[in-house]
Amino acid sequence: MANAVRADPELPRETMAELLARHGESPGELTKQSFSPKDADDLRSAVVRITGVLTEADTDRAAQALNDLLAECGARPRLSRHDGHAWHLHTDRGDDASWADWFLAAGALALAQILTEYGRVPWGACASPRCAKLYLGTGPGSARRYCSTACASRERVAAHRRRQREG
């Protein structure tokens, strides 16, 4: 969602609903009545706020931003079971929380768990000047700088060609 909203800050409600459905939300929860244009506007704003954390490279500042979001959301973990899903953890204000509240609370909790697991910020914006995609680098090995092997390879080849021209 963060990459989609970064690419199109006016991402249409229908496209947002399709993205949510692809990531497990039930179509019945994504009708115009249950996911209204206002809900989409509010969710877009929430995505921008989470994106602020995803573009923060400093671990301490990222942790503080996540703590601020969790405090604002009134995040208190609770188990929830709805719409045929198994019991799962929610941190929003309740099953009737808005899409934006849900996204901020769930996103902040997920990122806080990832940050504590890795002890550092394992996310960021692709280092390629031709790419603005966000990535989550939770795989083995050293910290990532690029969103994909394609971007990393393209930048390595460009650096090699630059060195060849200069040398």
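C126 is buried, its relative accessible area being 8% (buried means under 20% relative accessible area, exposed over 50%, and partly exposed in between, with a 1.4 Å probe and protein chains only). This is a predicted model, in which local features need pLDDT of at least 70 and side-chain atom pairs count only at pLDDT 80 or more, while totals for chains, interfaces and linings use all residues. Residues are numbered from 1 along each chain as its sequence is written, and side-chain values use heavy atoms, with hydrogens and water left out.

A disulfide is a covalent bond between the sulfur atoms of two cysteines. For the count, it is a pair of cysteine sulfur atoms within 2.5 Å. The structure holds zero disulfides. C126 is in none, and the nearest cysteine sulfur to it, that of C151, is 3.9 Å away. C147 is likewise in no disulfide; its nearest cysteine sulfur belongs to C131, at 3.7 Å. With 17% relative accessibility, C147 counts as buried.

## Overall architecture

The secondary structure of the protein comes to six helices and four strands. Helices (H or I, at least four residues) and strands (E, at least two) are DSSP runs, numbered from the N terminus. From the N terminus on, the order of elements is α-α-α-α-β-β-α-β-β-α.

The C-alpha atoms fill a box of roughly 65 × 35 × 25 Å, taken along the principal axes. Of the 167 residues, 36% count as buried. A contact means heavy atoms within 4.5 Å. Among contacts with a separation of 6 or more, 47% are between residues 24 or more positions apart.

## Nonpolar cores

A nonpolar core is a set of buried Ala, Val, Leu, Ile, Met, Phe, Trp, Tyr and Cys residues joined through side-chain atoms within 4.5 Å. The largest such core has 34 residues, and those with the most contacts inside it are F35, L43, I50, L54, L66, L111 and W123. Two or more residues each come from α1 (2-7), α2 (13-22), α3 (37-54), α4 (59-72) and α5 (99-118). Helix α5 gives the largest share, ten residues.

I50 touches L69, F103, L104, G107, A108 and L111, leaving aside residues up to four places away in sequence. A second, separate core has seven residues, including C131, Y135, Y146 and C151.

## Aromatic pairs

A pair of aromatic rings is described by the distance of the centres and the angle of the planes. Rings of Phe, Tyr and Trp (its six-membered ring) pair if their centres lie within 6.5 Å; planes under 30 degrees apart count as stacked, over 60 as edge-to-face and the rest as tilted. The structure holds three aromatic pairs. The rings of W99 and W102 have centres 5.7 Å apart and planes at 90°, so this pair is edge-to-face. The two residues are three apart in helix α5, and therefore separated by about one helical turn.

W99 is buried, at 10% relative accessible area, whereas W102, at 21%, counts as partly exposed. W102 and F103 also form an edge-to-face pair, with 6.1 Å from centre to centre and 65° between the planes. F103 is buried, with a relative accessible area of 16%. Ring pairs link F35, W99, W102 and F103 into a cluster.

Helix α6 (residues 149-166) has 18 residues and reaches 26 Å from its first C-alpha to its last, close to the 26 Å expected at 1.5 Å a residue. The expected span is 1.5 Å times one less than the number of residues.

Within α6, C151, A152, E155, A158 and A159 are buried. These residues lie on the same side of α6 because they cover an arc of only 130° around the axis, the arc being that of the directions from the helix axis to the C-beta atoms. On the other side of α6, T149, R156, R161 and Q164 are exposed.

## Two loop residues

S128 lies in the loop between β3 (123-125) and β4 (134-136). At 2% relative accessibility, S128 is buried. It touches Y146, C151, R154 and E155, not counting residues up to four places away in sequence.

R76 is found in the loop between α4 and β1 (78-80). This residue is exposed, with a relative accessible area of 66%. Beyond residues up to four places away in sequence, R76 touches H90 and T91.
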